[in-house]
Every structure is written in structure tokens, then in C-alpha cells.
Amino acid sequence: MKTTPIATEIVNEVIDAFGIHPAGKATIRELVKIVNDIEGITGEEFIRMEMGVPGLDPTFVGTEAEMIALRKGVASKYPNIEGVKCLKEETSRFIKLFLDVEIEPAHCVPTVGSMMGSMAAFMVVHRSDHERTGTLFLDPGFPVQKQQCLVLGHSFGSFDLYDFRGDKLKAKIEEEIKKGQYSSILYSNPNNASWICLNEKELKIIGDLSMKYDLTVIEDLAYFGMDFRKDLSKPGVPPFQASVAKYTSNYLLLVSSSKAFSYAGQRIGMMIIAPELFQRKYTDLKRYYTSEKFGHAMIYGALYALSAGASHTAQYALAAIFRAVNDGTYNYITEVREYGKKAAIMKAMFRKYGFHIVYDMDLDEPIADGFYFTLSYPGFSGSELVEELLYYGISAISLEITGSSRGEGLRACVSQVRRDQFEKLEERLNCFSKDHPIPELVFLSQKGPIVTIRSNNSQEGI
């Protein structure tokens, strides 16, 4: 008989009322609702790892700039849909200083977060050629981007990138391209949820194939500069954030303020459109937009229809943040490095109690400690493990909903877990481990047992 930290009957009631079984099949926001309801009834605080929400204070320079803009009365005025001048200029500088890529301010356009950026990208890229209307996702990835395709009625395909790293990548992408009529390729780098980081060789493969097959690469840089194995914090000094923009003239970059600058609540991001793509004309765009020019269709067609521009004050906030980072007066990496430090502690704790890291290697080196890590526990599928952990006051999402081929795994986000919760996390993991013992595996020889392997409490060995 198990005695769990969270009352079994209450967890059962909430899950039954929500109607999703197992609860691990739920989307991120659905799982947030389930956990909120359990917390509200029990008063017990969860170890919340299900949602990628910044766990740091918003960047001070941004909030100050936004308040100044409010006092100047910009809230009563519609912003220019192309973006305010200072933001476009500072974004151009930022891309040069941190990606080492030349881009004109005209090709930098604000969006209401990167989610709006991907939605607009699908609305234009998928309509540039009536014979090609889908995206090839290099998974695992952000589940809502596939939901956007479904909402728009667009097709998509995917494969687990982890299985095709390095030299294997070219053949796999070409194989997938021949299966579907794709107009774009989308991935995040660093990757949500595995935290693998594509290297220059792999990005060149993607860039070369995008030119060969005339595909637009949508590169989601939600975790800009957060590969903490390298120092990517110095403006204009290598190493730079790796990007496909070095290897193709057919790209869209999505730069988010949410994670790197802890500015998620203001819903402001930037779309960077390759100069050649911006100017390119597609006759098929006239089916939906007033112009066949890609950049015009994006700004005055898709973005105008979606929101008629991004928040006026938030644009001034992001402009100020970029300016401080560009000038070297604000090192944002110093702050977000805390995520990597917490990930190292938490991964060690989960391993101690019998869990395994699912995506554990990044090519030939251990996966970096960052915003996310992945977990599994013997005997559970990912969706089953999500539900079982709810009884122990721990929440995460199943890798199944990210497009991962690892059906046994979870994605854990470190951002909302406070250091003062580490003791409680360990207590709950210890309780879970005792309630779910991993059997000893005994290999016999003619003379009796010679090998015993146990996974609980890090007692692994021969």
C-alpha cells in the first residue's frame, strides 16, 4: 500500500474530471491546469517542471524602458507594423554581434512572441507554392508548432534528430523530403526538449539542402546563446551562436525575449528574414495577399491579419535590452547560466533515485546542462510516468507530445524549480523510488550468480 505525498483520491478526481487518461497524454497547458487544480484543492506545492517559463526576474533595463515609453503616452498609439525604428536597428546590430550575420534593419520585424512568428511563417511559406504546403520538423520540438499547422490545415512530417546526427543527417533529410511536398524545415537550437545543439557541420548540411530543394529553413532560437559549454556572451567576439543563416539565403530566424531575457509576459520577439527571401517574388502568394513579394506578404499580409503589430511599449523594452547587450553593458548569459547550474544538481538527484537521462549525449560529449533535460524510469512509458509522478507532487511532460521517438521519456524544465525546493524534491524522489523498486538483475554462471545490477539509489555496477 503506497502512501503518496499528494492524496491519491484528489489526484484521481482531478484527472477524471479533466477526462484525459493517462494524464501524460495532455498538452502542456492542459497539464498546467491539472496541476493548478490539484494544488488548489490540496494546498500542496508541486515541483513544477512541465512548462518552460522563465524562473528569473525580468530584465531590469527592459522594464525601465517600457515604463518610460508608457509615460510618454505610446500606449495610445498603434505601432508601425514593421516595428519601431530603434528596435529594428538594435536587432540588426544584435544579429551581427552575436551571430556574425549581416542583416538590414528592414529585414527585422517584431512579432507577438516567437509563437506568432512561427504561425506567420507557416501562413506565408506554405502558401508560396500551391504544390508544397508542409513543414519537416526536426524533432523533438515545441508541440504547439505542429498544432499551428493543424489549425491552418497544413501538412507536416518529422523524425527524431537524435538518431541522425553528423554525417547521417544529410541522407535522412533527403529521404524525408522525397516523402512529402515540404516547403520548410523547422528546428530549435538548442533543442527543446533534448537540449542537443546542432553544430556548424550539421547546420551547413541543412543550409545546403535548403538551397538544393528550395526549402525555407525556420530556425527557432528561443534559447539564444544558452549552450553554456561555450562563452557566447561577448558582443562581436567569437564563438558566436551557431546559425543556418551562415549557409543559406533561404531562412527565417525566430528570436525570443522570453527565456534569454526573462521577458515572456510581454509577448515580444523578432523575426529575421533573409534579405534574398525578403525580396523574392512568388506568384502563388497573390492567392492570399496583395503582393507576390515575400517580405510584403509577411508584414502586410500575415502579421497584419494576426495582430496589426506587436505591443508598442514592449518593442521599446526589447530595443533597450538589445542595446545594453550590444554595448556590452549587460551580460544576459551571466543570469541565465543559473538554469544550467540547477540542471546539473537536479539531474544528479534524479539519477540517485533510479531515473535515467534519455537524451544523454550530444554527439561525442555529454549533453549540456541547460533549460531542459530528459528523464525515464524503468517500467513506465512517458505518459504513464507523467501521471504517476503527480501523486508525488512532481510534474513534467511526456516526450511523446514533442515528436520524440523515446516513448519512455519525460521533458523536465528546471526554470520554475527553486533551490529551496531541492530538499522537498529529494524527499519525494526517495518516496517514489521506495514505492517503485527496480528489481535486481542477476546473471548466472555454472558456479552461481556473478553479476548483480541495481538502478535505485545509484547502486549501479558489476
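## Ground rules

Buried here means under 20% relative accessible area, exposed means over 50%, and partly exposed is in between (1.4 Å probe, protein chains only). This is a predicted model, so to speak of local features takes pLDDT of at least 70 and side-chain atom pairs count only at pLDDT 80 or more, while totals for chains, interfaces and linings use all residues. Residues are numbered from 1 along each chain as its sequence is written, and side-chain values use heavy atoms, with hydrogens and water left out.

Helices (H or I, at least four residues) and strands (E, at least two) are DSSP runs, numbered from the N terminus.

## Helix 6 and its surroundings

Helix 6 covers residues 143-152, and its buried residues are Pro-143, Gln-145, Lys-146, Gln-148 and Cys-149. What do they pack against? On the helical side there are helix 2 (28-42) and helix 5 (113-125); the strands are strand 3 (134-139), strand 4 (155-160), strand 5 (182-188) and strand 6 (216-221).

## Ser-395, tucked away

Ser-395 sits in strand 13 (residues 394-395). Its relative accessible area is 0%, so Ser-395 counts as buried. Its side chain makes a polar contact of 2.6 Å with the side chain of Glu-50. (A polar contact is a pair of N or O atoms within 3.5 Å; within protein, one must be able to donate a hydrogen and the other to accept it, and residues adjacent in sequence count only if both atoms are side-chain atoms.)

Setting aside neighbours within four places in sequence, Ser-395 is in contact (heavy atoms within 4.5 Å) with Val-35, Phe-46, Ile-47, Arg-48, Met-49, Glu-50 and Leu-390.

## Salt bridges

Take a side-chain nitrogen of Lys or Arg within 4 Å of a carboxyl oxygen of Asp or Glu as a salt bridge, and the count comes to 37. One of them pairs Glu-89 with Lys-85, closest N and O atoms 2.5 Å apart. Both belong to helix 4 (residues 85-99), and because they are 4 residues apart, about one helical turn separates them. Glu-89 is partly exposed at 34%, whereas Lys-85 is exposed at 60%.

Asp-327 and Arg-93 form another, at 3.1 Å between the closest N and O atoms. This pair links distant parts of the chain, with Asp-327 in helix 11 (residues 312-327) and Arg-93 in helix 4, 234 residues apart.

Then there's Arg-229 with Asp-227, at 2.8 Å. Arg-229 is partly exposed at 32%, but Asp-227 is buried at 5%. Salt bridges with shared partners tie Arg-165, Glu-202, Asp-227, Arg-229, Asp-362 and Glu-365 into one network.
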